[in-house]
Amino acid sequence: MPSLKDLKNRIASVKSTRKITKAMQMVSAAKLRRAQDAAEAARPYAERMNAVMSGLASGMAGAENAPRLLAGTGADKVHLLVVMTAERGLCGGFNSTIVRLARAKANELIAQGKTVKILTVGKKGREQLKRDFADKFVGHHDLSEVKKMGYDVAQRIAKDILTRFEAGEFDVATIFYNRFQSVISQIPTAKQVVPASFDDTAGASAQYDYEPSEEGILADLLPRGVATQVFTALLENGASEQGARMSAMDNATRNAGDMINKLTIQFNRSRQAAITKELIEIISGAEAL
Amino acid sequence: MADMMQFDLVSPERRLASLQVREVRIPGVDGELTAMPGHAPLITTLRPGVLAVAGAEGETDYVVTGGFAEVTATGVSVLAEVAHPTKNVTQAMIDDMVAEAHRLHKEAGPDLVDAAAKTLADMVALGGRIGLEPKLP
């Protein structure tokens, strides 16, 4: 049975924890709004880019001189997994779900006898993957210095991926991130970026004139397309992280509240018990006289 | 209105402009071109230059450094990686752009050196055109 003082201390400590989680929740809510706005604002560019590229790509598919970024290297041996996670924890299952998906994919590829290389973006994913795949790491991008997720960050990551591709380090690249569905639901997603793949091939390539040429434009666009996809993933991830943290902190706040109630009841009971005990002692002492 | 068309200027981070316009002058990679309503469908990549948009209330200029434009009979959308309204472009920004192009030119491999030289020349021409002094490092 903990003493009254112990109980009092515990209640005070849980109360301050609740204050912290509550504050974190509110900060996340504000950041989530901003992240969602950013994701929203980036959508027209990504959509237009995707539409034009899929139109071009469907025209080029199967052509002999198709760029390597579109047609691939012809091999399927070495896979690069780009695992994008957050820099911070305390956001529920956000980091773990991405890592779990990436780990499953990596194990599957290894079982098929393929070579796996891992490029991590964000500290948390690196920490979680280190145990199993430390020897597979080829690089890391630290985002802890990044205040505002800008296109330049995506360009830097895309450039790294493309340089490795040019150097023949891998055949297929897949990015892993959380797609933002709602505050309580984020969907871990794997998306192949090299060679480029498109969701819909309903492009309207035939009706356009191209300047300089279809090949020229495609060669110019494909690297931009990788950057755009990385950027989209970063923004989705940003929104997902804040959403996940918000609901995790909401739960934590509620749990802390429940715990405070329980502890308060326990505190009141033991205080009453102590009073009753003292009274009984006094009364029985008086009766004995 | 038949003599107006939709114009969109989007960068990866946000939509910079979306309005009805009369004509758009685009710095295409093979030369400047003017798109007006009813233009044949066209997709072109951009070189560094000035994108001039003539709307109902006068002309607006944007400095773009690259990207591409999609022209249809009913509208123009420009997807630019960097775009600034010309009046916001400062001497420092031009200097940065030119310095960056210059660096790329120096680092470019033999197969890319021509393209980089062209970009550099475009940058310098762009600076001159908007009344700033691009200095060569």
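Two residues are in contact here if their C-beta atoms, placed from the backbone, lie within 7 Å. By that rule, the contact between the chains takes 20 residues from chain A and 19 residues from chain B.

Before going on, what you see is a predicted model, where local features need pLDDT of at least 70, side-chain atom pairs count only at pLDDT 80 or more, and totals for chains, interfaces and linings use all residues. Residues are numbered from 1 along each chain as its sequence is written, while chains are lettered from A and ligands numbered from 1 in the order in which they are written.

Back to chain A. Helices (H or I, at least four residues) and strands (E, at least two) are DSSP runs, numbered from the N terminus. Which elements of chain A touch chain B? Helix H1 (4–60), strand E6 (209–211) and H6 each supply at least two residues of that side. H1(A) gives the largest share, seven residues. By class, the side of chain A that touches chain B has 13 nonpolar, three polar and four charged residues. Nonpolar means Ala, Val, Leu, Ile, Met, Phe, Trp, Tyr, Cys and Pro; charged means Asp, Glu, Lys and Arg; the others, Gly among them, are polar.

Strand E6(A) also pairs with strand E4 (residues 42–46) of chain B, in the parallel sense and over three bridges. Pairing requires that DSSP finds at least two bridges between the strands. In this pair, A:Tyr210 stands opposite B:Ile43.

Next, two helices within chain A. The axes of H5 (residues 151–166) and H6 (residues 214–288) come within 8 Å and cross at roughly 125 degrees. Axes are lines fitted to C-alpha atoms, for helices over the stretch in contact, and angles run from 0 to 180 degrees between N-to-C directions. H5(A) and H6(A) are therefore oblique to each other; under 35 degrees counts as roughly parallel, over 145 as roughly antiparallel, 65 to 115 as roughly perpendicular, and the rest as oblique. Among the residues making this contact are A:Ile157 and A:Ile161 of H5(A), and A:Val230 and A:Phe231 of H6(A). The contact has 13 nonpolar, one polar and no charged residues.

Last, two backbone details in chain A. Most residues other than glycine have a negative phi, and most peptide bonds are trans. A:Val194 and A:Pro195 are joined by a cis peptide bond, with omega about -10 degrees. A:Pro195 sits in the loop between strand E5 (185–194) and E6. A:Leu90 has a positive phi, near 55 degrees, and is found in the loop between strand E1 (78–84) and helix H3 (94–111).
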